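This briefing goes through the structure shown below by topic, beginning with the contact between chains and ending with one residue in some detail.

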Amino acid sequence: MPDHDSILAITNAIRDGEQSAVEVMSDCLGRIKSSDQTLGCFRETYEERALGLARMIDDRLAKGDDPGPLSGIPIAVKDNMVTDFGRSSAGSRMLEDYHSPFTATAIEKLELAGAIVVGKTHCDEFAMGSSTENCSLGTTKNPWDTRCVPGGSSGGSAAAVASQLVPAALGSDTGGSIRQPASFCGIVGLKPSYGRISRSGLIAFGSSLDQIGPMTKRVEDAALLLQTMAGKDRRDSTCADVHVPNCLEKLDEPLKDLKLGVPKDVINEHNDDLVNTIIQEAIDVYRDLGAEIVEIDLPLAKYAVAIYYVISAAEASGNLARYDGIRYGHRADLKPGEDLFDLYAKSRSEGFGDEVKRRIMLGTFVLSSGYYDAYYKRALQARRLIKQEFDQVFETCHAILGPTAPTPAFPMDEMQDPLSMYLCDVYTTLANIGGHCGISIPAGFAQREGRRLPVGLQLQGKGFDEARLLRIARMFEMATSHHDQSPELITTNKS
Amino acid sequence: MTDVRSTRLRIGMEIHVELATHSKMFSRSANVAHSDHFEASPNSLVDPVVAGLPGALPVMNKQAVELSMMVGLALNCEIASFSKWDRKNYFYPDLPKGYQISQFDLPLCRDGYLDIPSETAEGGSRRINILRAHLEEDAGKLSHDRPGGGFIEGSLVDLNRAGTPLLEIVTQPDFTTAQECDVFAKELRNICRFLGVTEGIMQRGHMRFEPNINVIIELDDHREIATPIVEIKNLNSFKSLRGAIEHEYKRQVEAWKVDGLEHASGRKSTWGWNDEKCITFLQREKEEAHDYRYFPDPDLVPVVISDDWRLAIQATLPELPRQRRERYESDFGLSPVQSLALTDERDLSVFYESCIDSYMALDDSTATRQHGGQQCANQLLNAGAKRANELNRNIHDLGITPSQVAQIVILRDGDEIGSTAADTLFGLLCDPALDEEAKTIAQQEKLLQVRDEGQLDKWVEQAIEAQPQAAEDFAAGKDAAAGRLVGEIMKRSQGQADAKAVQAKLRQRLRDE
């Protein structure tokens, strides 16, 4: 029996006839059934469809066909990606019963390669949040400690992979929504360079920042999913026409003369002590592997969160204007005498949660006449400067190392102040602002007060340099064993 | 108050042109402004992008950009090497995304001009400067009646028009009369149709005009005062454009005499036009502090136009109406009225030129292009215009072919057919079933002139017998009397007698000349 967390192991077993795709899928659905009541990763599953597709994979294999490099791999997708089956709700009451007539390009590409979508996972509403607590349709728990959040916004996907309900999941990352939950749940989360993967079918939050990316247990699986989803798309003109390299080819080959940039204040008092310790250890691991550690300076990095919240909220205020109750989505009942304005105001008031409203208001404000120059325009200018800063830094090193998040997963309901929640994104937003790639990989565990929570290490690479970034991540993975650890699978005993 | 010495209009125009691309501005959905889809049923030209569904992204239609470049070049504009897309944010049920994709500060075309014929006695032309021309997407349509009429609770949205490429051309306030606006509007429509960028059907809203009007009042003490600017929305006929401007001219002067309000920032108001009552009516007092919160659309990449691309488009520009008119006048000696009539519709102009080509191909003797041009123009603008009027069709759509027109001209050249018979023959050939040569039909219908001596002599004798007084008068030297005799001969010959030969015969017979 193969590990049920390695894509290559599973798909090879299916291809070699050791296990049928239907068996793999039934196991997967069984695990979800028994564990997900506790964890709450899934918004909904597509049992019938998934088993049907698995049967087709088996049939094709029996006929000698090649159903593709992901043959029979069950994957979970975040609820903010549309599929022409099931509902696509982005964690919002606004889209609670929304059925899309088309499927996201990234998902289509995965299924064309043989993967099978088993279900959609919970996320913060419209991907706005860092804990998956802002979800109107359910809450996900951290599989390492169910009192804690899984991170967010791709919390459902992260928890599902960490608890081995599925071998892989898709997340989306606007300011850290793949990497931060990957860090909190102890898995691999890759945010590709902006334009690497089509955004078509991703329910937009911040269009200039959003990217879909893989969440897996292993670096190798992330590489496999990335290269399957990457490439230009006629449905998204911001999707780059850039060569998609084979990321697996040299993955296990350590990079000689690796230069790793480490920000000079990487260890700092804003981080949890245990996070500081783990990052120091990670630096040492790389040094032991022969990497040259280069101290770097990113003086503008401290403005990242501010820039990010201005730009993402501005874009969101426009992107979410379409949810007006006219054509689809939640529509308020009107009382006699109420008019069009009431229809808009009530539908949106009822359909959106508080965090979404807060960001729409913030975005509307920063774009308003009289404030545009002071906020939005300056944020764009600062963004350009930060990009330049990264361009310069990437001339001196192959990747930048640091923590993914300043803390491990925090207890549910602890983070009441939106601003403190925003500061969880302090390390991750930079890659979205710069448009380059970033990955979070398991780097250790923070143990205290009877809790043992994973901590992630973030590596950032220059734009469209994922192949090298993945190799650098793989070096760490080969030298450590954090990724081999899994939370105890919680099962609901049914008698 | 000082008395008014004089008043004059000051008008700038915004013109919206719906481009006839195959698909919409930012999606692959078919375009309702393309003639293949005029009759599409409501909400049938909709896809996820048009409906603003979650996850759907706009992708720019390159053809729309190229058509806009053509218009920009025809209007002598600078074509921006770099322009971008911006979101104009507002809520309305016909606006699916909650924003319109437009171009805010970097339009595709700017700083151009169009010369229009001047109204002054000296002739010449007047230059209307073009501020900018930018591309955007149209909104859908809202209706408050049941389709086909009747009350309905609420309103209905039709998204067929949503996302249609719309070119907005903005002029400087260079117009001083309604007539100039009218001439400009027609010329612009004509140019766009010659370029093939729009069907230009006014009733379908393919072109919509929004004049910004105010009046400069000169007082007796030579002070000049400007009345507040009024923008008239959505005029979609030339008649309403003229009507609205003429009405505003009077209304603003009268209003000023009453309230004395002068132009000032924030005092611009938006008015509509009532086509039945022929009056303008107030829609929005003051320019509402409408904040559209424009910002660059992150879903689209900027439009970068290289010199090569621009030059390639420039090379595809056809001869424009004005150049064509000048050529007709200089090469064929047409009058300005004739050349204007022949370039009013691109298709007519094309038809006219193929008549001339046919003529040149048919007549191998002494034909000149100039003569052919003149005679074909005469046929089309006399016999053709008459039939077009009767049948309510375009001259180029009557059913007669360019080759048949050319054949009529040749029959006339050789005096084989009289002018009345030529007109009759033209009319007959408008029956598309008659695809034979003009001469064959003329023979069948006995329209060719008769020059047979015996037959002519017979008719002459009969006419003298029937009109003895006229014969006597003519013989006595009264030339005018010939008319009655010729008329009689024509009646008897059913128009077939060669008029020149008849005249000669009469002189020979009665005056012995």
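Chain B and chain A bury about 2,700 Å² between them, and 59% of that area lies on carbon and sulfur atoms. On the side of chain B, the residues that lose the most area to chain A are Pro54(B), Leu57(B) and Phe91(B), which together account for 23% of what that side buries. The model is a predicted one, and the values that follow are to be read accordingly.

**The interface of chain B and chain A**

- The contact draws on 30 residues from chain B and on 37 residues from chain A.
- The count of salt bridges between chain B and chain A is 1, and this salt bridge brings together the side chains of Asp299(B) and Arg199(A), at 3.0 Å from N to O.
- Polar contacts across the interface of chain B and chain A amount to 14 residue pairs, both residues of each pair being at pLDDT 80 or more.
- Among the elements of chain B, β4 (86-89) and β16 (295-296) each supply at least two residues of the side that touches chain A.
- Sorted by class, that side of chain B is made up of 20 nonpolar, 4 polar and 6 charged residues.

**Nonpolar cores**

- In soluble globular proteins, nonpolar side chains tend to be buried together.
- The largest nonpolar core here has 102 residues, and the members that touch the most others are Tyr286(A), Leu459(A) and Leu470(A).
- With neighbours within four places in sequence left aside, Leu470(A) is in contact with Leu190(A), Val219(A), Ala222(A), Ala223(A), Leu226(A), Cys247(A), Leu251(A) and Ile439(A).

- Asp173(A) belongs to strand β4 of chain A, which covers residues 168-173.
- Asp173(A) has a relative accessible area of 0% and therefore counts as buried, the cut-off for that term being under 20%.
- The side chain of Asp173(A) reaches the backbone nitrogen of Gly176(A) at 2.6 Å, and a polar contact of 3.2 Å joins the side chain of Asp173(A) to that of Asn432(A).
- Leaving aside neighbours within four places in sequence, the residues in contact with Asp173(A) are Ile178(A), Arg179(A), Lys191(A), Leu209(A), Asp210(A), Gln211(A) and Asn432(A).

Terms used
Residues numbered from 1 in each chain as written. Chains lettered and ligands numbered in written order. Predicted model: local features only at pLDDT ≥ 70, side-chain atom pairs only at ≥ 80, totals over all residues. Heavy atoms only, no water. Contact = heavy atoms within 4.5 Å. Buried area = accessible area lost by both parts, 1.4 Å probe. Salt bridge = Lys/Arg side-chain N within 4 Å of Asp/Glu carboxyl O. Polar contact = N/O pair within 3.5 Å; in protein donor to acceptor, adjacent residues only side chain to side chain. Helix = DSSP H or I, 4+ residues; strand = E, 2+ residues; numbered from the N terminus. Nonpolar A, V, L, I, M, F, W, Y, C, P; charged D, E, K, R; others polar. Core = buried A, V, L, I, M, F, W, Y, C linked by side-chain atoms within 4.5 Å. Buried < 20%, exposed > 50% of the residue type's maximum accessible area, 1.4 Å probe, protein only.
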